[in-house]
Every structure is written in structure tokens, then in C-alpha cells.
Amino acid sequence: MSAPVPVAFDARPLTEPVDRAEARAFVKGLRAAGRMPTWSANAIIGLVFAIVIGLFVLGIGGSIFGGIAVALARGGAGGFALVPIVFLVVVVVFLVLIVIAIIGGAGGAVRLFRLDRFARANGMTFEPAVADPPLPGMIFSLGDSRRASDLVRGAQPRFVEFANYRYETGSGKSRQTHRWGYVAIKLDTPLPNIVLDAVGNNGLFGASNLPATFDRDQRLSLEGDFDQYFSLYCPQGYERDALYLFTPDIMARFIDNAAALDVEIVDDWLFLYARRDLSTLDAATWQWLFSVVAALLDKLAQWSRWRDERLAAPSPAPAALGGPASTDAAASGIPGATAAPAPLLTPPPVGVAPQGRRLRRGVSWASIAIAVLFVGGWILNLVLGALGR
């Protein structure tokens, strides 16, 4: 296997001291430029937390005051001494909650400021948030309230974007937020839709970590121990193309550097997915991500030569060309003899035939099993309830 590619980068902005006033001014500038919502996520969380806890405290305080009022009404004057104590506790709690909310908002400003400085120090740019990012990966078309945040982008030697991503599904009590981190790498040419489902991050009984399931007949086994790390899916009929793209040296790079990440190739993008934030203030995470990207970029250039032969224009018939091939075949006297096909005049154009652009989705047997168990338990509960009557 190839050795990981060392990457030198400046991680100091992630941890060095920050002037909070400067951070607040930075966030104010972002809002003035319309580059982020009026309320940051941390401020909203802090405000909601303060309201919930405040209501809880008010409820307890109200109960205590009610008890004291009842005690006083019954002549228990000793309870009156508790009134200033309870009042003081309630005031202190509210002051603490206000401080927490303020610190949470300030902490969010410092975080954004650090990420922006980190991006600049490494020749990249920072974007706080993008609603409904127009990317073709499998996670970007699911649910609603889709939002990418903490985007760190670089353009050399090719476009790369590191970000966190959220989307929501369901409604009411079943509303659920799905959290992802991703790395998006722009390729030189569109390629067939290929997915590498990392084995190491699968769930119980080997259930895939991915939000989509693919037909099993699209699974392709590669040589060596690659299957121990990834399950590779490619469109039917594109097996040779997948083998062309995933040569032994490229397989080694993925095993050595990206075995903890799910991978998707779609259109002219390569995506790396994780079920956690990837754009963080953790220097070790960035060191790892930069090493992964550097290891892959070193090999992705060779993919630019791939062409989909299914897009090649049919060669003109030899007779139409008027060349010697048709004459020689006719003069041979051999029954059924035909002219040799004319050589391809031009290579296929850049692109992917329709049948190779997207993998066929399948059914998750684990989800079906869970649904069957749920329905079976519900029916059994009804039967036992009826028998109990």
C-alpha cells in the first residue's frame, strides 16, 4: 500500500487567541453583506435553551410561591421568610441563563472568525452558510431545510469544498435532523455514478451508513483486499469502466487514506461523506482531511482521460467511404465476407451515457425487517389485548 501523503498547513488560527470584539465585528460584517442569517445557530440554541429552562424555573418558583401563600393563609407565618430566598434564586438563575446565551452567541462569532482566518492562512476562502447547495451527491436531494455550513473552499490545484450539512425529514414528533460532513472535489470530466460504501462505518449487522440503498446486481468485487474496506457499486454495463478508474494504485490510496469515509462519484464531482461535522476547530481533523485530499488529487488526474464509448458516433459504412476495404472484401469471393470496420475517426465526446449517470436505487432489507417486526408486534399486542378481555 502507498504511504499517506504528508500535508503541511497552518493550523494556528484554529487555536490562537481571538479578540472577541473583532470576532463580533466580523460577524456583523457577514450579516450586513447578507452572507449569514441575522441569528447564528449558536445564538438560537442558547436562546431556546434559556427560554425552556426559564419556564421550568418559573414553574418551580410558582409552585413554591403557591405553597408559601397557602402556608401563610393557614397562619404559618414562618413560611414568609422563604419569599426573599426564592425570589433571589429565581433572579440568579435568570441572570445565569442570560450570560449563557450571550456567551453562546459570542462563542459562535469566535468560531466563525477562526474558520475564516484558518481558510485565509491556507490560501482558501470561507463561507458561513449556503441554503440548498446545488450539488448532485446523494445527500443533497433528501428532505427539506437543506443547508451547508462552515464552508472552507480551495481552488488549487482543483476546486475542493469542506463543509457540514443538515437536512430534515418527517413532520411533527417524527421530525428528524440528519447531520453530515462532506468534502466535494471537482473532477476534470463527468464519470459514471460510482459509490464506495465504507465497511468500517456500517451499522448493526453490516447495515449501510448511507441514506440510499442500491440494487445488489450493481455491486462489483475488485481484486485484492479492497472489498474488506469498501463495497463498490457501479451501473450495470460499466464494470470495465470501474476497473479502468480503480486501478490498484488508486484502490490503495482509498484504503490507506479514506477507509473511514463513504465515497460517491457523480457527474464531474467526487464526494467524501461522514456522519459528523468535518469543518471544525480541531486541527487533527483538518490534518487528516488535507492528507486524504492530497493523496487522492495525486491520482485523480489520470481519470480525465476516461471516455464513455457508448457516446461514440457510429463509424461510416466502408462502402460509403469508397475505400479499398469494401473492394477487397467483394473481390475475395468468400461467401458472407464483409469489409473490416473503419477505424474510429474521432474519440467519444466528454460525458456519460444516460444509463451510466445514476445508480439504480434498491430496497433496504434491514428497513423491511424492522417494519415487519413493528407490524408483527402491533398485531400481537392487539391479539393479546383481545384475549385479555
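Colleague: What covers the buried residues of H5?

Modeller: The cover includes strand E4 (176-198), strand E6 (230-233), helix H4 (239-245), E7 and H6. Keep in mind that this is a predicted model.

Colleague: How many of the residues of H5 are buried?

Modeller: Eight of its eleven, so the helix is mostly covered. Those eight are Ile 250, Met 251, Ala 252, Arg 253, Phe 254, Ile 255, Asn 257 and Ala 258.

Colleague: At what angle do H5 and H6 pack?

Modeller: H5 (residues 248-258) and H6 (residues 283-300) pack at about 180 degrees, and their axes are 10 Å apart. That angle makes the two helices roughly antiparallel, since anything over 145 degrees counts that way.

Colleague: Which residues meet there?

Modeller: On the H5 side they are Asp 249, Ile 250, Arg 253, Phe 254, Asn 257 and Ala 258. H6 brings Trp 288, Ser 291, Val 292, Ala 295, Leu 296, Asp 298 and Lys 299 to the contact.

Colleague: And by class, what does the contact of H5 with H6 have?

Modeller: Seven nonpolar residues, two polar and four charged.

Colleague: Moving on to the largest nonpolar core. Which residues touch the most other members?

Modeller: Phe 162, Leu 232, Phe 246, Phe 254, Leu 270, Trp 286 and Trp 303, out of 62 residues in that core. H6 supplies the largest share of the core, with eight residues.

Colleague: What does Leu 270 touch?

Modeller: Leaving out residues up to four places away in sequence, Leu 270 touches Val 183, Ala 184, Ile 185, Leu 187, Phe 254, Val 263, Glu 264, Ile 265, Leu 296, Leu 300 and Trp 303. There is also a second, separate core, with 23 residues, including Val 130, Phe 140, Tyr 233 and Tyr 273.

Colleague: Rings next. How many aromatic pairs does the count come to?

Modeller: It comes to 23 aromatic pairs. One of them is Phe 162 with Trp 286, an edge-to-face pair with 5.2 Å centre to centre and 70 degrees between the planes.

Colleague: Where in the chain are Phe 162 and Trp 286?

Modeller: Phe 162 is in strand E3 (residues 160-169) and Trp 286 is in helix H6, 124 residues apart, so the pair links distant parts of the chain.

Colleague: Are Phe 162 and Trp 286 buried or exposed?

Modeller: Phe 162 has a relative accessible area of 3%, so it is buried. Trp 286 is buried too, with a relative accessible area of 0%.

Colleague: Why is the pair of Phe 271 and Tyr 273 called stacked?

Modeller: Because their planes are at 5 degrees, with the ring centres 5.9 Å apart. The cut-off for stacked is under 30 degrees between planes. Phe 271 counts as buried at 0% relative accessibility, and Tyr 273 is buried with a relative accessible area of 0%.

Colleague: Which residues do ring pairs link into a cluster?

Modeller: Phe 140, Phe 159, Tyr 165, Tyr 167, Trp 180, Tyr 182, Trp 269, Phe 271 and Tyr 273.

Colleague: Backbone now. Which residues does a cis peptide bond join?

Modeller: Gln 156 and Pro 157, with omega at about 0 degrees. Pro 157 is in the loop between strand E2 (144-154) and E3.

Colleague: What is phi of Asp 132 near?

Modeller: Phi of Asp 132 is near 50 degrees, a positive value in a residue other than glycine. Asp 132 is in the loop between strand E1 (125-131) and E2, and at 39% relative accessibility it counts as partly exposed.

Colleague: And phi of Asp 267?

Modeller: Phi of Asp 267 is near 55 degrees, also a positive value in a residue other than glycine. Asp 267 lies in strand E7 (residues 262-274) and counts as partly exposed, at 27% relative accessibility.

Colleague: What is Asp 267 in contact with?

Modeller: Setting aside neighbours within four places in sequence, Asp 267 contacts Pro 136, Thr 189, Pro 190, Leu 191 and Arg 358. The C-alpha atoms of Asp 267 and Leu 187 are separated by 8.6 Å, and the two residues are 80 residues apart along the chain.

Note on methods: Residues numbered from 1 in each chain as written. Predicted model: local features only at pLDDT ≥ 70, side-chain atom pairs only at ≥ 80, totals over all residues. Heavy atoms only, no water. Axes fitted to C-alpha atoms, helices over the stretch in contact; angles between N-to-C directions. Helix = DSSP H or I, 4+ residues; strand = E, 2+ residues; numbered from the N terminus. Parallel < 35°, antiparallel > 145°, perpendicular 65-115°, else oblique. Contact = heavy atoms within 4.5 Å. Nonpolar A, V, L, I, M, F, W, Y, C, P; charged D, E, K, R; others polar. Core = buried A, V, L, I, M, F, W, Y, C linked by side-chain atoms within 4.5 Å. Buried < 20%, exposed > 50% of the residue type's maximum accessible area, 1.4 Å probe, protein only. Phe/Tyr/Trp six-rings, centres within 6.5 Å; stacked < 30°, edge-to-face > 60°.
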